[in-house]
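Trainee: Could you walk me through how to read a few features of a model like this one? I'd like the general idea before the details.

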Amino acid sequence: PYLERARSGERVSFDYQIPYGTGKPRWVHGNYIPDKDENGNIKGIVVHVIDIDDRKQAESALLESEERLQQAKQAAALGIYDHDLVSGAMQWDDRIRGLWGVKPDETPNFATFMSRLHPEDIANVKAAAARSFDPQGHGDYQVEYRIIRPNDNKLFWVAPFGITTFANGCPIRLVGFVQDITERK
C-alpha cells in the first residue's frame, strides 16, 4: 500500500522490520518520495531506507523501564513531584493530584500545597523545607504531615522525600516522591 500511495504522488514514511543475516530482523525507516518532472508527472520513486534498530531497541527499553517505574510507584503508593523553585511551577503526577484534590485541568501551586496542610503540621513542613533549601546541608527534604483534601475533607498522612538542586548556592529545584502512609499511621 505504501508504494501505491507514492505512485499516486504522496510522500510516504514508515517504520518496518527487514530480515537480517543474524536471523533477528532489524528495524528500518523507509521514505518513498515521488520523483516528478517539470510538469508534475511522476517519473519514478526515490526510496531512502535508514537503519533505526538501535533507536527502536532504546525506545523499547525505555518503555519497559517506565512500566516498571509505574508498577513500583503503584505498589509503594508513591506520587512524584517536581517543583521549580525559581519560577514556582509545580508538576504533580495523578496520585499527588488525587491526594491533594487537584483536578486534571488545574495547575498546582504553592498556595494549593499550603492550603491542604493540617494547621498543626505547617511549622514542621516549613522547617523541613528550610533544611532542604540550606546550601550548607545535603538538600534532603523529608517530613511526615497531614493533608486535608478539600472536596471531601478526608485526612491523609503523607511522607515526602525529595532532593533540592542548587545553582550558585541558591535552591532552584525540588524533585521527589510522596508516599501515602495513612494506613500505617
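Trainee: Let's begin with salt bridges. With which residue does Arg146 form a salt bridge, the closest N and O atoms being 2.8 Å apart?

Mentor: The general idea first: side chains of opposite charge can pair when their charged atoms come close. The cut-off used here is a side-chain nitrogen of Lys or Arg within 4 Å of a carboxyl oxygen of Asp or Glu. In this case the partner of Arg146 is Asp121, with the closest N and O atoms 2.8 Å apart. The pair links distant parts of the chain, as Arg146 is in strand S7 and Asp121 in the loop between H4 and H5, 25 residues apart. Helices (H or I, at least four residues) and strands (E, at least two) are DSSP runs, numbered from the N terminus.

Mentor: Before we go on, a word on the source. This is a predicted model, where local features need pLDDT of at least 70, side-chain atom pairs count only at pLDDT 80 or more, and totals for chains, interfaces and linings use all residues. Residues are numbered from 1 along each chain as its sequence is written, and side-chain values use heavy atoms, with hydrogens and water left out.

Trainee: Is Asp121 buried or exposed?

Mentor: Asp121 counts as buried because its relative accessibility is 5%. The classes go by relative accessible area: buried is under 20%, exposed over 50%, and partly exposed in between (1.4 Å probe, protein chains only). Arg146, at 14%, counts as buried too.

Trainee: Which other salt bridge does Arg146 make, at 3.2 Å, N to O?

Mentor: That one is with the side chain of Glu120. Glu120 sits in the loop between H4 and H5, 26 residues from Arg146. Glu120 has 59% relative accessibility, so it counts as exposed.

Trainee: How many salt bridges does a search of the whole structure find?

Mentor: It finds 14. One of them joins the side chains of Asp93 and Lys73 at 2.7 Å, N to O. Asp93 is in the loop between S5 and H3, while Lys73 belongs to helix H2 (residues 53-76), 20 residues apart. Both of these residues are buried.

Trainee: Now pockets. How do I read the volume of the largest pocket?

Mentor: Rolling a probe the size of a water molecule over the atoms shows where empty space is left. On a 1 Å grid over the protein atoms alone, with a 1.4 Å probe, a pocket is an open set of points with protein on both sides within 12 Å along at least five of seven lines, and lining residues have an atom within 4 Å of a point. Here the largest pocket has a volume of about 310 Å³, the volume being the space filled by probe spheres set on the points.

Trainee: Which residues lie nearest its centre?

Mentor: His83, Met90, Phe113, Tyr141 and Leu174, out of 21 lining residues. Elements that give two or more residues to the lining include strand S4 (78-84), helix H4 (110-116) and strand S9 (170-180).

Trainee: Strand S4 came up there. How does Ile80 count by accessibility?

Mentor: Ile80 lies in strand S4 and counts as partly exposed because its relative accessibility is 31%. Asp180, found in strand S9, is partly exposed as well, at 24%. The C-alpha atoms of Asp180 and Val158 are separated by 4.6 Å, although the two residues are 22 apart along the chain.
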